[in-house]
Amino acid sequence: MGVEIRVEGLTKRFGRQTIWQDVSLTLPAGEISVLLGPSGTGKSVFLKTLVGLLKPEAGHIWIGDRDLTRLPEADLYETRKLFGVLFQDGALFGSMSLFDNIAFPLREHTKKKEGVIKNIVMEKMELVGLLGAEAKLPGEISGGMRKRAGLARALVLDPEIILCDEPDSGLDPVRTAYLNQLIVDLNARIGATFLIVTHDINSARTVPDHIGLLFQRHLAMFGPREMLLSSDEPVVRQFLNARKHGPIGMSEEKDLSELEAEAKMGHDPGRLPPIPPQLMPSDGRARLAQAAPGAWLKANGIQAPPGSFIDDAGVNWTEEWPRYVAAQQQPVAAPPGGGPQ
Ligand SMILES: Nc1ncnc2c1ncn2[C@@H]1O[C@H](COP(=O)(O)OP(=O)(O)O)[C@@H](O)[C@H]1O
Ligand SMILES: [Mg+2]
């Protein structure tokens, strides 16, 4: 069930251009983390560095007692099997059917027989709602279906860690809502550690357990969802509330004169908007890192903004919580003597 990834002092440069430096964070095992940041801040580069496709100039990436940045190529190849990656563009082979695309990692990395491969592929296609589309070519299906096919392919090796680069870019709001639910359900079911890059503020506010924000070549903040959603830090506040006012300008960062002009206007950032409840698994399972709404705020003596933890249907999750937890699907107890694995 998922593994923890510990990133320490990671720095990535291309030539003389520093993309980000001294990034340290821990992706907790089995939890969902979201990585945010303005375009071009190196989010995709960060994911590629985590899987070892790009070499950092400094720092460590620990999985257990192995440092991915120091592994010989042969071990790195093995370690990559822990990862399932959905790249930004889906990265499907255009001339292969969806079935063959999804089967590709199994044929490449395992010696499984075709019958077994077929079962796995069909199971993953069902999971992402693509049954019936096996024979289609990537060019014949919608962007949303391509994303889901990419996700199915990322899942076939039963990864412990799933990295998704903008899985929701180019999707309409309804498809985004379905995809978010799929991610939360998957996480509850397979317990993998997730890191998702997104620009969708609603997804960023409701899906993760942890949120990180890259800005100005640094990790500006990384922490529990409720910490960032209640933060007064200008850049965090601006980004998580999609505001024009704040340190982020149209072209990356605002210059000093722009910021001074804004200060002169006496802009009042106002009250923080309500914190929405977390998206919950659709089958009544618990989230792996389940905590009562507002638990982090309470533990840190912070008042939730008024109206927090009420969902779109008007359900107040703070009141609903004890009932919800009591009704939760209980884990099936293992049969005496272990039972089949
Ligand atoms: N292979 C590469 N070689 C040189 N520069 C790169 C490479 N990949 C990305 N970059 C640069 O790194 C920066 C961050 O890119 P990227 O990670 O794609 O940003 P984001 O995903 O946050 O929008 C950009 O300036 C981009 O041009
Ligand atoms: Mg990107």
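I began with one residue pair: leucine 163 stands opposite leucine 195 in β8. I am working on a predicted model, where local features need pLDDT of at least 70, side-chain atom pairs count only at pLDDT 80 or more, and totals for chains, interfaces and linings use all residues. Residues are numbered from 1 along each chain as its sequence is written, while chains are lettered from A and ligands numbered from 1 in the order in which they are written.

**Entry 1, the sheet.** I looked up how β7 (residues 161-165) meets β8 (residues 193-197), and found 5 bridges with the strands running parallel. Helices (H or I, at least four residues) and strands (E, at least two) are DSSP runs numbered from the N terminus, and two strands pair if DSSP finds at least two bridges between them. I then traced the open sheet of 6 strands, and its order is β6-β7-β8-β3-β9-β10 with mixed pairing. The edge strands, β6 (83-86) and β10, each pair on one side only. I noted an average twist of 15° from one strand to the next; axes are lines fitted to C-alpha atoms, for helices over the stretch in contact, and angles run from 0 to 180 degrees between N-to-C directions.

**Entry 2, the hairpin.** β9 (residues 210-215) runs antiparallel to β10, with 6 bridges joining them. I found leucine 214 bridged to leucine 219 in β10. The two strands form a hairpin with 2 residues between them, and glutamine 216 in the turn has a positive phi of about 50°. Is β10 (residues 218-224) mostly covered or mostly open? I counted 5 of its 7 residues as buried, so to speak mostly covered; buried takes 20 or more other C-beta atoms within 10 Å of a residue's own, exposed 12 or fewer, and partly exposed lies in between, with C-beta atoms placed from the backbone.

**Entry 3, helices.** I checked α1 (residues 43-50), and this helix lies across β3 (32-36), β7, β8 and β9, at about 155° to β7. In α3 (residues 98-109) the buried residues include Leu98, Phe99 and Ile102. They pack against α4 (114-127) and α5 (143-155), where contact means C-beta atoms, placed from the backbone, within 7 Å.

Which helix gives the most to the shell around ligand 1? It is α1, with 3 residues. Among the residues around the ligand I listed Phe14, Gly42, Lys43 and Ser44, taking C-beta atoms within 6 Å.

Terms used
Contact = placed C-beta atoms within 7 Å.
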